[in-house]
Amino acid sequence: MILQAAAQKVAATCKEAPDPAMAEIVITEFMDQSAVDQLSAQFATRYDPELADRQEDISALLGSATALIVRNRTQVTKDLLAKAPALKCVGRLGVGLDNIDMDACKGAGVSVYPATGANNLSVAEYVISNAMVLLRGAYHARDAMLRGEWPRQTLIGRELSGRVMGLVGFGAIAREVAERARALGMDVIAYDPFCPADDAAWQLGRKVSFEDLLRLSDVVSLHVPLNDSTYHLIDAAALAGMKDGAILINAARGGVIDEEALASALSHGRLAGAALDVFEVEPLTANAAMKFSGIANLVLTPHIAGVTEESNVRVSALIAQIVAEHLTR
């Protein structure tokens with residue numbers, strides 16, 4: 001079912017499938033080795049998990065490639081596609097497609113396959129675990145404890161149970177978060193103008209406006225793609241509308257948050273904390289990181305919310321299967 005859903009979600013007009021013996025696959029970012037071996041047993045496969053750092057080298061390898069497998073750092077642009085005349089499909093080891101020019105792929109007859117559903121659980125657990133860590137607020141005392149201090153009274157945090165989880169976007173990952181939040185005793189509310197009011201998913205949470213979600217939520221978790229309507233959706237005005245002492249978690253896309261405004265809100269105590277797995281500039285440069293310097297109630301991770309040992313196996317196996325089927329049908 002996952003394979004079928006992924007194959008149907010984003011597939012542009014296909015070119016005629018090549019002879020498997022002539023197919024060449026280029027993999028530019030890390031992939032589970034068993035999936036790489038599976039592809040290598042059937043096709044000529046070039047695997048270099050560091051290629052994403054050398055975009056110019058990718059172009060040089062694509063002259064005869066029939067399939068390209070990427071994560072989020074490889075930029076699949078119109079110019080790149082122009083250097084890959086034999087390319088038939090792109091496999092995305094994840095679900096976000098903002099690094100892939102979908103219009104250019106469609107125009108070139110290149111199918112694009114995301115790993116739909118394969119890392120939902122990993123992202124959901126990332127959200128829940130960070131909500132627990134930030135609400136409890138007791139996990140930054142290591143150095144003080146080693147100095148012989150005993151800051152017990154200052155580290156009394158809050159429980160997740162009885163709090164309100166607000167989900168901006170109510171797709172598959174957000175629904176996994178909702179199920180786990182409810183199991184932990186949280187109330188769930190969500191904002192998603194594209195999810196019909198009669199969708200069965202609303203059994204998991206109450207549909208509210210964006211403004212009400214910000215006002216009512218103890219934890220706000222973002223689950224939207226990055227586009228013109230969501231760029232800096234969480235700006236200074238949105239942050240000002242959030243509940244005092246709320247937590248903000250972003251494992252969606254970096255540009256959804258105005259990072260300067262967030263740093264200011266955290267520094268001035270408007271929020272109790274935030275967890276960011278994605279950033280406007282990735283990797284996070286030293287210059288971009290300066291705004292967050294000195295902010296203690298902040299968790300920063302390098303775009304790994306959807307990457308666990310288990311999800312990497314699932315994602316890699318799914319994309320290997322989809323790409324192999326595309327090249328042999």
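The model is predicted, with local features needing pLDDT of at least 70 and side-chain atom pairs counting only at pLDDT 80 or more, while totals for chains, interfaces and linings use all residues. Residues are numbered from 1 along each chain as its sequence is written, and side-chain values use heavy atoms, with hydrogens and water left out. Helices (H or I, at least four residues) and strands (E, at least two) are DSSP runs, numbered from the N terminus.

**The open sheet**

- Seven strands make up an open sheet in the order E8-E7-E6-E9-E10-E11-E12, with parallel pairing; two strands pair if DSSP finds at least two bridges between them.
- The edges belong to strand E8 (206–207) and E12, each of which has a single partner strand, so one side of each is left without a neighbour in the sheet.
- E8 pairs with E7 in the parallel sense over 2 bridges, and Ile189 stands opposite Arg206 in E8.

**Around strand E4**

- Strand E4 (residues 89–92) points Cys89 and Gly91 one way and Val90 and Arg92 the other, and all are buried; buried means under 20% relative accessible area, exposed means over 50%, and partly exposed is in between (1.4 Å probe, protein chains only).
- E4 pairs in the parallel sense with strand E3 (residues 67–70) over 4 bridges, and Ala67 stands opposite Cys89.
- E4 also pairs in the parallel sense with strand E5 (residues 111–114), over 4 bridges, and there Ser111 is the bridge partner of Cys89.
- Going from E4 to E5, the chain passes through helix H5 (residues 102–108), and this β-α-β crossover is right-handed; that label applies if, with the strands pointing away from the viewer, the path from the first strand over the helix to the second runs clockwise.

**Helix H11**

- Helix H11 (residues 259–267) has Glu259, Ala261, Leu262, Ala263, Ala265 and Leu266 as its buried residues.
- What covers these buried residues includes helix H10 (236–240), strand E10 (246–250), strand E11 (271–276) and strand E12 (298–300).
- At the start of H11, a side-chain oxygen of Asp258 comes to within 3.1 Å of the backbone nitrogen of Glu260.
- After H11 comes Gly269, with a positive phi near 75 degrees.

**Rings and charges**

- There are 2 aromatic pairs in the structure; rings of Phe, Tyr and Trp (its six-membered ring) pair if their centres lie within 6.5 Å, with planes under 30 degrees apart counting as stacked, over 60 as edge-to-face and the rest as tilted.
- Tyr191 and Phe210 have ring centres 5.5 Å apart and planes at 50 degrees, so the pair is tilted.
- Tyr191 sits in strand E7 (residues 187–191) and Phe210 in helix H9 (residues 210–216), so the pair ties together parts that are 19 residues apart in sequence.
- Tyr191 is partly exposed at 25% relative accessibility, whereas Phe210 is buried at 12%.
- The charged end of Arg71 sits over the ring of Phe30, 3.7 Å from its centre; the cut-off is NZ of Lys or CZ of Arg within 6 Å of the ring centre and within 35 degrees of the ring normal.
- Arg175 lies over the face of Phe170, 5.6 Å from the ring centre.

**Two buried loop residues**

- Asn119, in the loop between E5 and helix H6 (120–136), is buried with a relative accessible area of 9%.
- Leaving aside neighbours within four places in sequence, Asn119 is in contact with Gly94, Val95, Gly306, Ser311, Arg314 and Val315; contact means heavy atoms within 4.5 Å.
- Ala23, in the loop between helix H1 (2–9) and strand E1 (24–27), is buried at 1% relative accessibility.
- Not counting residues up to four places away in sequence, Ala23 touches Phe43, Ala44, Thr66 and Leu327.

- Most residues other than glycine have a negative phi, and most peptide bonds are trans.
- The peptide bond from Glu282 to Pro283 is cis, with omega near -5 degrees, and Pro283 lies in the loop between E11 and helix H12 (286–289).
- His232 has a positive phi near 55 degrees and is found in the loop between strand E9 (219–222) and H10.
- His303 has a positive phi of about 55 degrees, in the loop between E12 and helix H13 (309–328).

How values were computed: A polar contact is a pair of N or O atoms within 3.5 Å; within protein, one must be able to donate a hydrogen and the other to accept it, and residues adjacent in sequence count only if both atoms are side-chain atoms.
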